[in-house]
Amino acid sequence: MKITIDQDACIGSGQCVLGSPEVFDQRDADGIVVLLQDDPDPGLRKDVREAARICPARAITLTPP
């Protein structure tokens with residue numbers, strides 16, 4: 001899976017970080033999402049899909065491998 005994020009759409013709610021802290025983080029200055037891994041290990045993919053699903057701004061896009 002390939003992950004892309006739209007930092008312009010992100011509202012800094014942090015739901016992605018709560019759901020998958022190995023893949024997502026937030027900038028200290030404004031809380032905007034930071035992608036730590038753009039192609040996570042298979043064991044993290046369920047959490048990444050859930051993080052994308054619950055993102056209130058729909059700022060996370062997932063593309064199949």
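Is Cys16 buried or exposed? Cys16 turns out to be buried, with a relative accessible area of 9%; here buried means under 20% relative accessible area, exposed means over 50%, and partly exposed is in between, worked out with a 1.4 Å probe and protein chains only. The model is a predicted one, in which local features need pLDDT of at least 70, side-chain atom pairs count only at pLDDT 80 or more, and totals for chains, interfaces and linings use all residues. Residues are numbered from 1 along each chain as its sequence is written, and side-chain values use heavy atoms, with hydrogens and water left out.

Now for the overall fold. The protein chain has two helices and four strands, and reading along the sequence gives the pattern β-α-β-β-α-β. The radius of gyration of the protein chain is 10 Å, close to the 11 Å that the globule rule gives for 65 residues, so the chain is as compact as a globular protein of that length. (That radius is taken over C-alpha atoms, and the globule rule is 2.2 Å times the number of residues to the power 0.38; helices are DSSP runs of H or I with at least four residues, strands are runs of E with at least two, and both are numbered from the N terminus.) Along its principal axes, the C-alpha trace spans about 30 × 20 × 15 Å.

What about the inside of the chain? Of the 65 residues, 31% count as buried. Contact means heavy atoms within 4.5 Å, and among contacts between residues at least 6 apart in sequence, 52% join residues at least 24 apart.

Ile3 sits in strand β1, residues 2-5, and is buried, with a relative accessible area of 2%. Leaving aside neighbours within four places in sequence, Ile3 is in contact with a list of residues including Val23, Phe24, Leu35, Pro40, Val48, Ile60 and Leu62. Take Pro40: Ile3 and Pro40 are 37 residues apart in sequence, yet their C-alpha atoms are 8.4 Å apart in space.

Back to the cysteines. With a disulfide defined as a pair of cysteine sulfur atoms within 2.5 Å, the count comes to zero disulfides. Cys10 is in no disulfide, and its nearest cysteine sulfur, that of Cys16, is 6.3 Å away. Cys16 is likewise in no disulfide, with the sulfur of Cys10 as its nearest cysteine sulfur. Cys10 also counts as buried, at 15% relative accessibility.
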